[in-house]
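Student: Can we go through this one together? I would like to start with the strands and then move to the helices.

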Amino acid sequence: MRKFLSENNFTNIDFIYNNSYLHEDRIICGTKGWAVSAPTATAQDKKMLKRENLRLELSLKEGIEKHGEDKEVIVCMHYPPFNDLEETDMNFLHTMKKYNVKKCIYGHIHGEPWGGKVEGEFKGIEFDLVSSDYLDFKLKKI
């Protein structure tokens with residue numbers, strides 16, 4: 001993808017992949033995540049959840065080491081950081097708490113009734129669902 005961006009002169013787009021970016025004194029970190037309910041997770045699902053949680057931790061570590069511990073850290077994920085609000089499904093949340101994350105932006109949830117969404121403060125972290133249809137295809141100021 002970076003080759004495509006370079007060949008087409010996209011200079012203001014990049015990807016978070018085990019790394020971070022500094023924007024206006026905020027560290028932006030993240031990973032894709034994975035969508036599965038903990039009780040029905042297959043061995044492959046568990047492997048994906050573990051891998052994505054490791055990628056989130058790598059991104060957070062890189063961001064803090066590179067940009068400093070004194071900055072706000074924002075996590076961006078495609079999938080919600082949890083599927084069931086049970087302790088067995090909170091690995092992403094525990095990782096965010098470990099690195100003092102205060103804000104998480106996520107998507108993937110589409111179509112009413114918007115089941116599984118978490119908006120606002122939950123366990124000390126502010127969550128924003130930014131799926132395009134959820135926002136009626138309008139921008140949301142973060």
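**Strands and helices**

Tutor: Strand β3 (residues 72-77) pairs with β4 in the parallel sense, over 4 bridges. Keep in mind that this is a predicted model.

Student: Which residue of β4 does Cys76 stand opposite?

Tutor: Cys76 stands opposite Ile105 in β4.

Student: And how many bridges join β4 to β6?

Tutor: 4 bridges join β4 to strand β6 (residues 125-129), and these two run parallel. Here Ile105 stands opposite Asp128 in β6.

Student: Which way do the residues of β4 point, and are they buried or exposed?

Tutor: In β4 (residues 103-106), Lys103 and Ile105 point one way, while Cys104 and Tyr106 point the other way. All of them are buried.

Student: Switching to helices. At what angle do the axes of α2 and α3 cross?

Tutor: The axes of α2 (residues 43-67) and α3 (residues 91-98) cross at roughly 15° and come within 10 Å. Angles under 35 degrees count as roughly parallel, so α2 and α3 are roughly parallel to each other.

Student: Is the crossing left-handed or right-handed?

Tutor: α2 passes α3 in a right-handed crossing.

Student: Which residues make the contact?

Tutor: From α2, they are Leu49, Glu52, Asn53, Leu56, Glu57 and Leu60. α3 contributes Asn91, Phe92, Thr95, Met96 and Lys98.

Student: How do the residues of that contact divide into nonpolar, polar and charged?

Tutor: The contact of α2 with α3 has 5 nonpolar, 3 polar and 3 charged residues.

Definitions and conventions. Residues numbered from 1 in each chain as written. Predicted model: local features only at pLDDT ≥ 70, side-chain atom pairs only at ≥ 80, totals over all residues. Heavy atoms only, no water. Buried < 20%, exposed > 50% of the residue type's maximum accessible area, 1.4 Å probe, protein only. Pairing = 2+ DSSP bridges. Axes fitted to C-alpha atoms, helices over the stretch in contact; angles between N-to-C directions. Parallel < 35°, antiparallel > 145°, perpendicular 65-115°, else oblique. Left-handed = near helix turned anticlockwise from the far one by under 90°. Contact = heavy atoms within 4.5 Å. Nonpolar A, V, L, I, M, F, W, Y, C, P; charged D, E, K, R; others polar.
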